[in-house]
Amino acid sequence: MALRILVTDEVDRDGVELLRAVPEFAVDEVPTLPAAELLERIDQYDAIVGRSATKVTEALLRRARRLKVVGRAGVGVDNVAMEVATELGIAVINAPAGNTVAVAELFFGSVLSLLRHLTRADVSMHDGRWERADLLGTELRGKSLGIVGLGRIGGEVSHRALAFGMDVHAYDPYVSEERFAALRVKRAPTLDALLDAAQFLTVHVPLTDETTGMIGADALRRLRAGAVVVNMARGGIVDDDALRAALDRGHIGGAVLDVYLKEPLTGEHPFRSYSNVVLLPHIGASSAEAQRNVALDACEAVRDALLNGDLSRSLNGALAGEDSATLAPALLLARRAAAVARALLAGRGATAIDSVTIKTGEDLTSSAGALLAAAAAGTLEGVVEAERLNLINARSLATARGLVLAHGEGGFAPHSRAIEVRLVAGAHSMRVGGVAALDMPPRLTRIGDFHVDVAPRGSLLVLTNHDVPGVIGRVGTALADAGVNIAEYHQARLAAGGEALAVVTIDGAPPAHVCETLTALRDVRSATVVKFGGDA
Ligand code: NAD
């Protein structure tokens, strides 16, 4: 019997043809259906492929007794009841790349439009005028471009900027020297250094705690007079109010915005009145080629999942299945141990990770691959967009960024259900380990050379200090004064009177500047905050 696939929401033709070409498939292509009609029909299908219009709800999934795969031709999967799909063992597949070039080309289209007043020129011509006087523009050649985030889109922008004869700089502490060298981009060691260099500033980073408001009043003030600012990444990375103030002062010469804090942009939004701001309605990915790419990508993955059971592109595949309950704590531990190691290395200024190595106890060896993926995910947390990062794609995302992923040699980790993660960044390395026993929540048991015992949850504060009397009291008082509730406090030392390490788990997020407060205390040498991201 043929495998039946429902394609809806006007998924690009080439994707549909790819599915039709498979003799084992019977493909029905329909426009976006009303929810009730879709509910009526869904139990005939083995797969459904759509874009964002069709809502794949809990009711729909429970009704769909044959359904094995949900394909989304695009990135966001907010329209899919993911937890229910996982519970029912239905794979959900999306297409995260494919729109990179569309955004990079739009960058140049819109910046050139701003510099050469194309919109005004075109409107005046259509109005029957011939006015050249105030359409004198400027060129890109010889100007300096500052790119924040040298990932997929940042990289494509850099290629094209070099072709325009621009002087290209980038700030991205998470990518290697090799990538900068291969792209022929000058590395700015800090955001401030990039701001000092840039006449054009563009952000191509995910929206994370670190990047929210990253280009605020201070950053804009630091840019050269007349600089142009571009945000095609996510609303909130460039602070709206600060940008308006800088435009009003005339310090910023112009801006291009494709993304907004709240979309769609409605009513009398202040930016609408600025003639030197190009406003676009989030069309970065709106090219026929990008739509084709994501359709092909999603349909190919749906085909492979249905025909060969290949779930390597599934967002939820690793968690579906019977072993998930026993493996979940170990996955969580691997991910969090890596996040702790990364934060501690970052505290030493080592942010570009070269390798991730995992060692497991005997009982976990058969899951070492999944645990390495979890460690890779922990290493990339907060560096790549959360919705693009999962256990299935973490290994390929990490290797695409040049990280070496490995299984440790030389025996097992010290407990049958222990995990040790080792990260190397340049001349620095950090080992963090723990135990994921079956009958209790996972514990971190090792940080560097220190033996500790805390649950990796909420937020962690890791302190190094001199092992002298009174430090614990001073830290406790300082945290209490800052309104922080301590859940667990573990102090470890290598030898009496030497170096000591304290791990403090706290409820909720720590207040801003808590590290500065703690490092100002006598005998405290360093303080690092680790805020844990998504579940493994
Ligand atoms: P990517 O993951 O390939 O690259 C992001 C880069 O940002 C990475 O190299 C990472 O190391 C870097 N980075 C992360 N945190 C950083 C920080 N604090 N400081 C400096 N660099 C940091 O992602 P991508 O595919 O290039 O996408 C970039 C952005 O573009 C995302 O926000 C994405 O949502 C957005 N996007 C927008 C559209 C649109 O329609 N306008 C379309 C696609 C993507």
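A salt bridge here is a side-chain nitrogen of Lys or Arg within 4 Å of a carboxyl oxygen of Asp or Glu. You're looking at a predicted model, where local features need pLDDT of at least 70, side-chain atom pairs count only at pLDDT 80 or more, and totals for chains, interfaces and linings use all residues. Residues are numbered from 1 along each chain as its sequence is written, and side-chain values use heavy atoms, leaving out hydrogens and water.

**Exercise 1.** Find the salt-bridge partners of Arg129.

*Solution.*
- Start with Asp127: its side chain meets that of Arg129 at 3.0 Å, N to O.
- Now try Glu131, whose closest N and O atoms to Arg129 are 3.4 Å apart.
- Check exposure (buried is under 20% relative accessible area, exposed over 50%, partly exposed in between; 1.4 Å probe, protein chains only). Arg129 comes out partly exposed at 36%, and Glu131 is partly exposed at 38%.

**Exercise 2.** Work out which parts the Glu381 and Arg335 pair ties together.

*Solution.*
- The two side chains form a salt bridge at 2.6 Å, N to O.
- Glu381 sits in the loop between helix H14 (368-380) and helix H15 (394-400), and Arg335 in helix H13 (residues 324-347), so the pair joins parts 46 residues apart in sequence. Helices are DSSP runs (H or I, at least four residues), numbered from the N terminus.
- Both residues are buried.

**Exercise 3.** Locate the ligand relative to domains 2 and 3.

*Solution.*
- Collect the shell, taking residues with a heavy atom within 4 Å of the ligand: there are 30, and the closest are Ile153, Asp172, Val205, Glu210 and Arg401.
- Domain 2 (100-279) and domain 3 (322-433) both contribute to that shell, so the ligand lies between them. The bounds come from an automatic or database domain assignment.

Notes:
Helix = DSSP H or I, 4+ residues; strand = E, 2+ residues; numbered from the N terminus.
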